[in-house]
Amino acid sequence: MKQVSILVPESAVMEAVADPRYMFTAANQFLMSAGKAPLFEVELVGQNKEVRLHDGVFSVHADKVLAEVKRTDLVVIPALFGDMKQAVEKNQDIIPWIVQQHQQGAEVASLCVGAFLLASTGLLDGKKCSTHWAFYNEFRETFPQVEVADGSIITNEQGLYSSGGANSYWNLLLYLLEKYTDRDTAILAAKYFAIDIDRNNQSAFAMFKGQKDHKDQEIKQTQDFIEANYQDKISVDHLADSVAVSRRSFERRFKQATGNTVVEYLQRVKIEAAKRSFESSRKNINEVMYDVGYTDTKAFRTVFKKLTGLTPIEYRNKYNKEI
């Protein structure tokens, strides 16, 4: 039997506790229906026997408290809700327990922004991690020693698993199910739960919002200018001159403040504008391309696919219902 310990942290997202329990208990039923023995022993584990979530709207009764679990095979860390710093602080007692279980051979999987709790253990230092795209900047600032797997839905770092945003965690659960059982069981679960089993990128869902949570006023001024004039030809030299900073210093400060190079930032702003146009207008690919300042079709398609995971046509067909 595989011991699966689903944590019930303070400030957990209720669905991210219930869904992995549902997945692994349903997997036992699938296995028994196929004439096989059930594989998973699933338990909810909390700091206390009862954990109240979402301001007391939900109450979760844990099967065991931390001290009662001496050894497990898989630790699942659900997504957290609200302020991430406060959520992690509320769960400080869980951190050494996770470390201890991993040192004893347990694998650890974080769902969505549960990555903040996993990263707080130090186990991810020097490794890659997936999390919700909307929290990339906060995660990078909080854990500079961890590399964000930009756009990825599933990341596997030597038995430390993490997933992308929101419902992407279902893809990680299917991945783990296939690892512990077989492809047929995972496919059956994917069909039962209506999940795309091979989806591996969350870039198409990401919305780029200029990274302005910094104190460099000259860089913010530059960001505002780029966002207002993205359709024009903008050179790095011109941007540096506009804030009276040398090009070398400007590029260094821009990267430090935003996490992107100037060229990357300009590309993201242009592609975000293109996405909005594809979603809400009937313009063709070339019209949108010219509107956002591209004249090279190949370059536009390449950058669009890189940032969204989809071609312009695929994106328009997916999100524009008027076509």
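Here are some questions and answers about salt bridges, strands and surface charge in this predicted model.

Residues are numbered from 1 along each chain as its sequence is written, and side-chain values use heavy atoms, with hydrogens and water left out. Because the model is predicted, local features need pLDDT of at least 70 and side-chain atom pairs count only at pLDDT 80 or more, while totals for chains, interfaces and linings use all residues.

Me: In what order do the seven strands of the open sheet stand?
Reply: Good place to start! Strands (E, at least two residues) and helices (H or I, at least four) are DSSP runs, numbered from the N terminus. Two strands pair if DSSP finds at least two bridges between them. The pairing here is mixed, and the order is β5-β2-β1-β6-β7-β11-β10.

Me: Which strands stand at the edges of this sheet?
Reply: Look for strands with a single partner, so that one side is left without a neighbour in the sheet. One of them pairs with β11 (residues 160–163) in the antiparallel sense over four bridges. The edge strands are β5 (64–65) and β10 (154–157).

Me: How many residues of strand β2 are buried?
Reply: Buried means under 20% relative accessible area, exposed over 50%, and partly exposed in between (1.4 Å probe, protein chains only). Strand β2 (residues 40–46) runs parallel to β1 (residues 2–8), joined by seven bridges. Strand β2 is largely enclosed by the rest of the structure, because the number of its seven residues that are buried is six.

Me: Which residue forms a salt bridge with Glu43?
Reply: A salt bridge is a side-chain nitrogen of Lys or Arg within 4 Å of a carboxyl oxygen of Asp or Glu. For this pair, the closest N and O atoms are 3.2 Å apart. Glu43 lies in strand β2 and its partner in strand β5, so the pair ties together parts that are 21 residues apart in sequence.

Me: How many residues apart in sequence are Lys179 and Glu107?
Reply: Their side chains meet in a salt bridge (3.2 Å, N to O). Lys179 is partly exposed at 43%, whereas Glu107 is buried at 15%. Lys179 lies in helix α6 (residues 169–180) and Glu107 in strand β7 (residues 107–110), so the pair ties together parts whose separation is 72 residues.
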